[in-house]
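Work through the two exercises below with the model open, and follow each solution step by step.

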Amino acid sequence: ISVSDGTGVGINSLISRRLGARRLEDAEHAAGNGLLVMAASSLIFVLFGLFGVRPFIEAYTTDPETLAYGVSYLTIITTCSIGLFLQVFCERILQSQGKNLYAMLIQIVGAIFNIIFDPILIFGLLGFPRLGMAGAAIATVGGQIIAMAFSFVILFSKKNEVRLRLRHLKPNLRVIRDIYSVGFPTVVLQAIGTVMTLLLNGILIVFTQTAVAVFGVYFRVQSIALMPLFGMTNAAMSIIAFNYGAQNRSRVMRTWKITLVAGLVMMVVMTAVFILLPDQILSLFNATPEMLRLGRAALTIVPLGLVFASVSICCSIMFQAVGRGSYSMFLSLARQLIVLIPAAWALAHIFGEVTAVWWAFPLSEAFTIIISLLLFRYVYRWQIQTMPPVPPA
C-alpha cells in the first residue's frame, strides 16, 4: 500500500503540473510511464509472494497455526497485487484532473465487493467453498481487481482529458525520475508509521502489555480522525500542483491557506472529541479497568499534537505539489522517528512511568512545526514568490 500510494502521489503531482502548464502531451507521457512503474512494482511483490512470504512471517512467529494463516493470506495478497497498483494508478490519474468523485466511486465499488464476499468465501455461503483465511484474501484482491476494471472503463472514456496511448508507454528515465522525486519520499513516509509503531511498542512493553493495547486503540482511532484531513489535502495537492504548473501564484496560495484553515478547524474538533470522550472511545474496544485508567491519560495527552500535525501535513502537500517530495519525507521522519522515538525513550527512562511517554507525541509535533515553517518559508521564497502575481496569458 505504501509503494502504490507513494508512487501514485508522484504520478498525480507530475500530471497536475503538466496540465497546469498546458503540456497535455507531457502529461500523457507521465501517465504512460506511471502505468509502467506501477506494473513493475506489482511484479516485485509477486516475487515476494512466491519466495519471501514464509521467511518474512517466520521472523515474527513460530506458531504453526499463525504461520499457516499468515502464509496463506499474504501469498494471495502479494501475488495478486496488480489490482491494487492499477486501481491506485487510475485513481491518481483522475484526481490529477480534479475528478475526485470518480476516484471515490472506484474505491466504493471495490469495498462493496470485498464486504459482500468476505463472509461468503470465509464461511462457504451460497454454495461457495469454505476457504477460511484464503477466502478473506481472495475477497480483498477480488475487490481490487473489480475496482481496477471499473477504473479503466472510466479512464478510457472520451470525457477523460488524459488519454493512454501506445506511444506513451515507452520508458523515459527523466519522467520516471520526476515521478519518484515526489513518489519515493511519500513511499518512505507512508511506511514510517509501521516502523514507529514497532519501536514505540518496544518502549511501552517494558511497562505493561496494556500500554501497548492502549496505543493500538489510539492509533486506529486517530487514523479515522485524520481521514477527512488527508482526503482534503490529497485534493488540494492536485489543485496546487495544477496552478503551480500554470504559474498562478494567487490560486496556489489561496488553495493552501483554505486547506490550512480547514485542517486546523478539523483537528481542533478531533482533539476536543478525544479529550472529552476518552471512556466512550475506549469502551468501543471492550476496555478493561486497567486499559481505561491508562487510556484516559493517553487520549488526553497524545491528541494535543494534532493541531500542530495539521500544519505540518498542509506544508507537506505544498512540498509535494511543487516537486519537493524530499522535504515531505524529512518532515515525516522528524515527526515519527527522529524526534518522537528518542523523546519517548528519554521520557520513559527519566520519569519511569508510561504517562510520560505520551508527552513525546505533542513535543515531537511542536518541534516539527518549526521545521515545517522554515522549509515552507524557503519554498515560498524561491518557488512561489518568484511566480507572477497574475498568470501568463
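A pocket is an open set of points, on a 1 Å grid over the protein atoms alone, with protein on both sides within 12 Å along at least five of seven lines, and its lining residues have an atom within 4 Å of a point. Grid points are joined across faces, edges and corners, and a volume is the space filled by probe spheres set on the points. The model is predicted, with local features needing pLDDT of at least 70 and side-chain atom pairs pLDDT 80 or more, while totals for chains, interfaces and linings use all residues. Residues are numbered from 1 along each chain as its sequence is written, and side-chain values use heavy atoms, with hydrogens and water left out.

**Exercise 1.** Describe the second largest pocket by its volume and its lining.

Solution. The volume comes to about 170 Å³. The lining consists of R17, R18, A21, R23, D178, S181, Y244, G245, V322 and G323. Two or more of these residues come from each of α1 (2–20), α8 (173–204) and α9 (209–245), the helices being DSSP runs of H or I with at least four residues, numbered from the N terminus.

**Exercise 2.** Determine how α10 and α13 are oriented where they pack.

Solution. Helix α10 (residues 249–276) packs against helix α13 (residues 306–321) at an angle of about 155°, with the axes 8 Å apart; axes are lines fitted to C-alpha atoms over the stretch in contact, and angles run from 0 to 180 degrees between N-to-C directions. The pair is therefore roughly antiparallel, a term for angles over 145 degrees. Residues in contact, with heavy atoms within 4.5 Å, include W256 in α10 and C314 in α13.

Methods: Angles under 35 degrees count as roughly parallel, over 145 as roughly antiparallel, 65 to 115 as roughly perpendicular and the rest as oblique. On a 1 Å grid over the protein atoms alone, a cavity is a set of points where a 1.4 Å probe fits but cannot get out, and a pocket is an open set with protein on both sides within 12 Å along at least five of seven lines; lining residues have an atom within 4 Å of a point.
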